[in-house]
Amino acid sequence: MTPTWAQVAYLVAAICFILALKGLSSPKTARSGNLLGAAGALLALVVVFFAEHLTHLALIVVAIVVGGVVGAVIARRVKMTQMPQLVALFNGVGGAAAALVALLDLHEAAGSGAAGVSRFHLVILGFTIFVGSVSFLGSMVTFAKLQELITTRPILFPGLPVVFGCSLAASAVLWGLLVANTSVLGGVVLALVGLLLGLWLVLPVGGADVPIVISLLNAFTGLAVAADGYVLGNTLLLVGGTLVGASGTFLTRLMASAMGRSLPNILFGAFRGGSTLGSTAMSDRPVRSAGPQDVAILLNYAHRVIVVPGYGLAVAQAQHTLRELVDVLSDRGAEVDYAIHPVAGRMPGHMNVLLAEANVPYEQLKEMDVINGDFKQADVVLVVGANDVVNPAARTTPGAPIYGMPILNAGDAKQVVFMKRSMRPGFAGIENELMFDPKTTLLFGDAKETMGKLLAAVKAM
Amino acid sequence: MSDAVVWLTFFVLSVFVGTEVISKVSSTLHTPLMSGANAIHGIILLGAILVAGTAHSTTVLAIGLVAVFLATLNVVGGFVVTDRMLEMFRGHRRRQATEPAHEPAQSPPEPPR
């Protein structure tokens, strides 16, 4: 039994977690909130070693040190642009850990005979094993999609809904069997079916919706951890896991509504006959392209310029050059703002992080609702490495994967300049009509290089 | 009150707290918040330690240690990466706050603009 002082310490850690979440929801307190959460975790880690009678201490410490060093090094070294997939990766390993803990507890329960454990205990064990497995492989697939190890377009094969339904039914049956007849093998099979379901759940999700799925899987892992808390009789796991499960579910809904999407539509939209848009056949259509010199002239005579930054900007590391360009234009009297779509980059708020890294003043970053009315007055809209967030298909084409997503009104401006590497479609994998608009100019090339040339051309004027 | 009901009470209350504390989050902070919550569920590390520390067979110990490793990766990596994201916000706000008042004093450490 856990001693009382340790229980109290767990309560303190749980309070740290609550205050951490509270802190993280406001810009002023976000960083201290995160540190408080880390302090709570550290406190709990120290307490568990002193409060419980544990063996194999040396090996456990080695595993912690190795995990801690690897985790810290990856988290420190990763590029800012790759953060979304890193969150997916960490979430996945957390889910795997939750499932493994439950499997080992099941092994213990099976060893002690059916008399030792209650039915309810087994129900919860089955839940953790299943949900942890779904979260693990689901997160790994989102990782692969964001890292572009596999295609970012929805992956569908005939009969997927049937396979999905069968897997779901199979897991329900296995869950029931596990409760009726405690066996480790049953748990392992349940875990395998959970892995498959994680795969089926995430494969059909289109690239642009992946962040929302990460948030959902994050909530799943939280619930699996909470269930482990009940199984092991540890209040901190229960409270911490439930906090994440609840806040994660709520956050998923917030994100989905920021993108104008519904969760069922994101998860199962592709099942209802996927969109046929995105066939690259249309890319041969004529577009108007220009060189940096021409665009420099456009910018030089513009009074109102709006920059729409996208993921491509950050990948090319061109945000510093862009900021210089904006500074030069502002010094010459133009009014320049950045229009930040809620999901610019790869996740809500991702672009704010990336531009903050490039020292872009906060007041120049305008949220979509604030700036959408200003596009009509804009002389030039400079779309850098963005595509889906200005794609009118979100309004006009009901079959498109991004249909219903709020977009920036770049098309209202007098001139639109797209800086793009190629005619390759955006993350959602669909054609953008705006690029074929007569008032649109395309400036091809690597964003950093082209931006450098553009900056030089503007400075020379 | 049976044991399971006590746990259910913890669970239900935590659901309300978890939803309530983040209900006013601005969309700018969605990513760091998700990442921070992600780190918090790394507390499964405690569970992994408990299981590994009470293992009676080598197989259980080995799997338990794998769980300890994965959970540590989750908790340490999660908090560190969240901190890195938020570092950007903080550096930025401080500049904004101090620049008008102490521009000459602040200018040497500032990066060239």
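What is the mean pLDDT of chain A, and what share of its residues reach 70 or more? This is a predicted model, and for chain A the mean comes out at 88, with 95% of the residues at 70 or more.

Of the elements of chain A, helix α3 (residues 57-77) has the highest mean pLDDT, at 96, while helix α10 (residues 263-268) has the lowest, at 79. Then there's the stretch at residues 274-282 of chain A, where the pLDDT is below 50. Leaving aside near neighbours in sequence, that stretch still has 16 contacts in the model.

## The sheet in chain A

Chain A has an open sheet of 6 strands, and if you walk across it the order is β3-β2-β1-β4-β5-β6, with parallel pairing. At the edges sit β3 (365-367) and β6 (440-444) of chain A, each pairing on one side only. On average, and ignoring direction, neighbouring strands in this sheet are turned by 25° against each other.

Now for one of the pairings. Strand β1 (residues 304-309) of chain A runs parallel to strand β4 (residues 380-384) of chain A, and 5 bridges join them.

Two packed helices are described by the angle between their axes and the distance between the axes. For helix α11 (residues 292-300) and helix α17 (residues 447-459) of chain A, the axes come within 8 Å and cross at roughly 55°. That makes α11(A) and α17(A) oblique to each other, and α11(A) passes α17(A) in a right-handed crossing.

Who makes the contact? From α11(A) it's P292(A), Q293(A), V295(A), A296(A), L299(A) and N300(A), and from α17(A) it's T450(A), K453(A), L454(A), A457(A) and V458(A). Sorted by class, the contact of α11(A) with α17(A) has 7 nonpolar, 3 polar and 1 charged residues.

## Where chain B meets chain A

On the chain B side, 76 residues are in contact with 91 residues of chain A. Helices α1 (3-21), α2 (30-40), α3 (44-53) and α4 (58-98) of chain B each supply at least two residues of the side that touches chain A. The most comes from α4(B), with 31 residues. By class, the side of chain B that touches chain A divides into 47 nonpolar, 24 polar and 5 charged residues.

Key
Residues are numbered from 1 along each chain as its sequence is written. Chains are lettered from A and ligands numbered from 1 in the order in which they are written. This is a predicted model: local features need pLDDT of at least 70, side-chain atom pairs count only at pLDDT 80 or more; totals for chains, interfaces and linings use all residues. Two residues are in contact if their C-beta atoms, placed from the backbone, lie within 7 Å. Helices (H or I, at least four residues) and strands (E, at least two) are DSSP runs, numbered from the N terminus. Ala, Val, Leu, Ile, Met, Phe, Trp, Tyr, Cys and Pro count as nonpolar, Asp, Glu, Lys and Arg as charged, and the others, Gly among them, as polar. Axes are lines fitted to C-alpha atoms, for helices over the stretch in contact, and angles run from 0 to 180 degrees between N-to-C directions. Angles under 35 degrees count as roughly parallel, over 145 as roughly antiparallel, 65 to 115 as roughly perpendicular and the rest as oblique. A crossing is left-handed if the near helix is turned anticlockwise from the far one by less than a right angle, and right-handed if clockwise. Two strands pair if DSSP finds at least two bridges between them. pLDDT is the predictor's confidence in each residue, from 0 to 100.
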